[in-house]
Amino acid sequence: MTEPRRHPGRALALTGASCALGLALCVLVHRPDIAGQAGPGLWVATLGLWLLASLAASDLAALSPSRPMGRRVVALGPPLLFGFLVVALWEIVTVGAGVPTVLMPPPSSVAARFASAWPVLAADFVQTFVKAALPGYALGNLAGLGLAILADRVPVLRRGVMPVANFASALPIVGVAPIMVMWFGFDWPSKAAVVALMTFFPMLVQASAGLAATGRLERDLMRSYAAGYGQTLLLLRLPTALPFLFTALKVNATLALIGAIVAEFFGTPIVGMGFRISIEAARLALDMVWAEIALAGLAGSGFYGLVALIERATTHRPPLARTA
């Protein structure tokens, strides 16, 4: 038997009620007679918020609109509601239980610091993401793709490259970053080198698998047309390998920012997301640390989403449809 379809009215009503209750509790918990000394009533209401949001997310996930736009909107509902629930529970628990800010600042404090320190955060973003992560991301992916094509063209090289590349990918970043700083200096080139090293191997592996994914029949057909290696590569093998390439690009989109931030722990000018996290953590300014973490999360998620949109526009088919 198939599960009956949920009515959208109930899902919307539950979503609205859970959002309203969450906002009300976040405001109520800041009252002087509740903050730090919340009673059982607040925790019962918090449990009710969790149950209400769970029901709303379940109903939203069960909806199946007929129009594509409606399906996209419904697909965003559960993750957005879950994110709201996490932030609301974080605010209620930290403020209501009086958790010290040096251990876990509430989201309201993080948001206030994010707004007040935006010029500093913007400068850190430019230094870490624009100057270090993006160039390293481009260099690592291009080098991995180029070596995969070269190894595909020269079989002897293929047998020798993969073990060495596998060894290089296993090198710990905490050991490589200080060496890169000594080689390329304290500014962004050393961080870009670390990012390039981190993103090189995933692209090499995925590109090699993608180039090998072309069927024998298709290759024989290109040979029957007297197509050379370059023509076969551009017209057949690279288009076939696009799903593999975009898999590596999406994985590397998050690795690039992580590598740039961690590399800044080992030497950098007085700017950068990794530098700011280490300095503010030593000062016990956890609200600034969480503001930098939020900025890194937003940047990484946005970059990943951009690559996913380019994949959809380039391949014209969603990933599940290609692999089915």
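Close-up 1. Leaving aside the neighbours within four places in sequence, Phe275 is in contact (heavy atoms within 4.5 Å) with Glu264, Thr268, Pro269 and Ile270. The model shown is predicted, so that local features need pLDDT of at least 70 and side-chain atom pairs count only at pLDDT 80 or more, while totals for chains, interfaces and linings use all residues. Residues are numbered from 1 along each chain as its sequence is written, and side-chain values use heavy atoms, with hydrogens and water left out. Phe275 lies in helix α11, which covers residues 273-282; helices are DSSP runs of H or I with at least four residues, numbered from the N terminus. With a relative accessible area of 14%, Phe275 is buried, a word that means under 20% relative accessible area, whereas exposed means over 50% and partly exposed in between, with a 1.4 Å probe and protein chains only. The other buried residues listed for α11 include Met273, Gly274 and Arg276, and α11 is followed by Leu284, whose phi is positive, near 65 degrees.

**Close-up 2. The nonpolar cores.** A nonpolar core is a set of buried Ala, Val, Leu, Ile, Met, Phe, Trp, Tyr and Cys residues joined through side-chain atoms within 4.5 Å. The largest one has 26 residues, and among those with the most contacts inside it are Phe129, Tyr137, Met273 and Phe303. Two or more residues of this core are given by each of α5 (118-153), α10 (229-263), α11 and α12 (286-315), and the largest share, 9 residues, comes from α12. Tyr137, leaving aside its neighbours within four places in sequence, is in contact with residues including Val195, Leu249, Phe303 and Val307. A second, separate core of 15 residues includes Ile149, Met203, Leu245 and Ala248.

Close-up 3. The structure holds 0 disulfides, a disulfide being a pair of cysteine sulfur atoms within 2.5 Å. Cys19 is partly exposed, with a relative accessible area of 26%, whereas Cys26, at 17%, counts as buried.

**Close-up 4. Phe184 at the end of helix α7.** Phe184 is found in helix α7, which covers residues 173-184, and, with a relative accessible area of 45%, Phe184 is partly exposed.
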